[in-house]
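Please look over the sequence and model below.

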Amino acid sequence: MNNHHVTVLEIDTKALEHNLNYFKQKLKQETKILAVVKAFAYGSDSVLIAKFLENKVDYFAVAYTTEGIALRDAGIKTPILVLHPQIQNLQTLIDYRLEPNLYSFKIFEAFLELADKTLLMNYPIHLKFNTGLNRLGFWHTDIPKILSCLKETKHVKVQSIFSHLAASEDLEEQEFTINQINNFTYIAQQFYNHLDYKPILHILNTSGVINYAKAQYNMVRIGIGLYGFGNNKEETNQLKNTHNLTSIISQIHLINPGETVGYNRAFVAAGSIKSATIPVGHADGLSRRLGNKKGYVIINNKKAPIIGNVCMDMIMVDVTKIDCKEGDKVIVFNNQEMIQHIADVAETIPYETLTSISQRVKKTLK
Ligand SMILES: *Cc1c(COP(=O)(O)O)cnc(C)c1O
C-alpha cells in the first residue's frame, strides 16, 4: 500500500541505540538489560523496536499477553516477561513461551496447576513483590508459603524476583525508596537462602537507574529512557529523541478578517490570515488541550500555532508569516522539548504523550 504523504511516526534507531548505550555505561558490564516495550513500545511499534534491540538486550517486557504474542508472531526469540498476565490467558502465554509475572497466590497457584497438568519442566516464572507501590505483588510474609509450593514442584523455575519503585524519580522520597530497596534485598536473601539456584534480581526502572544505580542487582528494566526521557532536564539532554511525528499540509486557506476557523468557530481572524490544515488530530493522539494556540507545529523551520479546536482527524495552524504550500512537511514533534511542551499543555507527562500516539498513525524506521 502506498502510504506516502500521511502522518508518520518515524522511529530513530540511532537515537534508540545511543540511549541504550547511555544506560549501559551507567551500569556494571554484567548487569542484564530488560527493554520495556509495552504499549506498542511507548506509542511507537513494539515489533520494529524489538527487532532492532533483540541482539542488544537480554529481556523484553510487555504488560499483557497479547503484546507478547505480537512479538513472538514477528519472530522475536528473546525471553519476554509479561508484567500483568491474566489468569484466563495463562495457557496462551505458555503456548507462546512467554514468561509470567506471578504476583499473588491466586495466579501463582493457577499457574502451578496448569504447569503440573501440562507437564512443563522448569518453566521460567517471575515473582513480583510489593515493597510499597501497592499495585501488584506478593507481600514479604508470603515467602514461606511460596517456598513450600516451589519445593513441591519441578514444573517451574523462578527465573527472577523483582519489585517496582514507587517514586524513583523523586529525590525527596529518597528515604522511602531506600526502604523499598532494603526490603527487596531482604526478600531476595530469603530466596537465595532456600533455593539451590539464584534467580535474577531486579527493581530499577529508568529513573531508578539514574538515581539509585547501586541497586541494579542483576538486571534493570528500562522503558522511557530508551525513548529519550530521563527524570530531569540534564539527563534528558544526554538522551536522544526516538519518536518523530511528522505530517504534511493538506490545504491552505486565506481567511478574511472576522471569519472563523474550525468547530464552534473557536478561532476568529482579527486580520487577514493564512491557515494550513494538517491531517493529524485528537484521534491520532494530539490532545484537544493543544487547541487555541496552546500547541504548535513546525513548518519550514518556523512555529505555526494551532488555531481553533483540535478536530478528530485534523488541526488548522496559522501560517500567515510562513512561506509554505500544500504538500510541505510538518513537524508535530521531533525533539524532547516539543514532546515535553505538549505534555505540559495537556497537564501530563511524556509517558502519556507518547503512548497516546494512536494505532492509526503509520510507523516507520528512520
Ligand atoms: C513500565 C514499567 C517499567 C518501565 O518504567 P520506565 O520508567 O519507563 O523506565 C519498569 N517496570 C515495570 C514493572 C513497569 O510497569
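This is a predicted model: local features need pLDDT of at least 70, side-chain atom pairs count only at pLDDT 80 or more; totals for chains, interfaces and linings use all residues.

Residues are numbered from 1 along each chain as its sequence is written, and side-chain values use heavy atoms, with hydrogens and water left out.

**Ligand**
- The ligand is surrounded by 14 residues, the closest being K38, Y42, T206, I224 and Y351 (near: a heavy atom within 4 Å).
- A side-chain N or O atom of Y42 is 2.5 Å from an oxygen atom of the ligand (polar contact: a pair of N or O atoms within 3.5 Å).
- Backbone N or O atoms also lie by ligand oxygen atoms, at 2.9 Å for G223 and 2.8 Å for I224.

**Helices α1 and α3**
- The axes of α1 (residues 13–24) and α3 (residues 46–53) come within 11 Å and cross at roughly 55° (axes are lines fitted to C-alpha atoms over the stretch in contact, and angles run from 0 to 180 degrees between N-to-C directions; helices are DSSP runs of H or I, at least four residues).
- That makes α1 oblique to α3 (under 35 degrees is roughly parallel, over 145 roughly antiparallel, 65 to 115 roughly perpendicular, the rest oblique).
- T13, L16, E17 and L20 of α1 make the contact with I49, F52 and L53 of α3 (contact: heavy atoms within 4.5 Å).

**Helices α6 and α7**
- Helix α6 (residues 105–117) packs with α7 (residues 143–151) at about 5°, their axes 12 Å apart, and the two are therefore roughly parallel.
- F105, F108, E109 and L112 in α6 meet K145, I146, C149 and L150 in α7.

Note on methods. A polar contact is a pair of N or O atoms within 3.5 Å; within protein, one must be able to donate a hydrogen and the other to accept it, and residues adjacent in sequence count only if both atoms are side-chain atoms.
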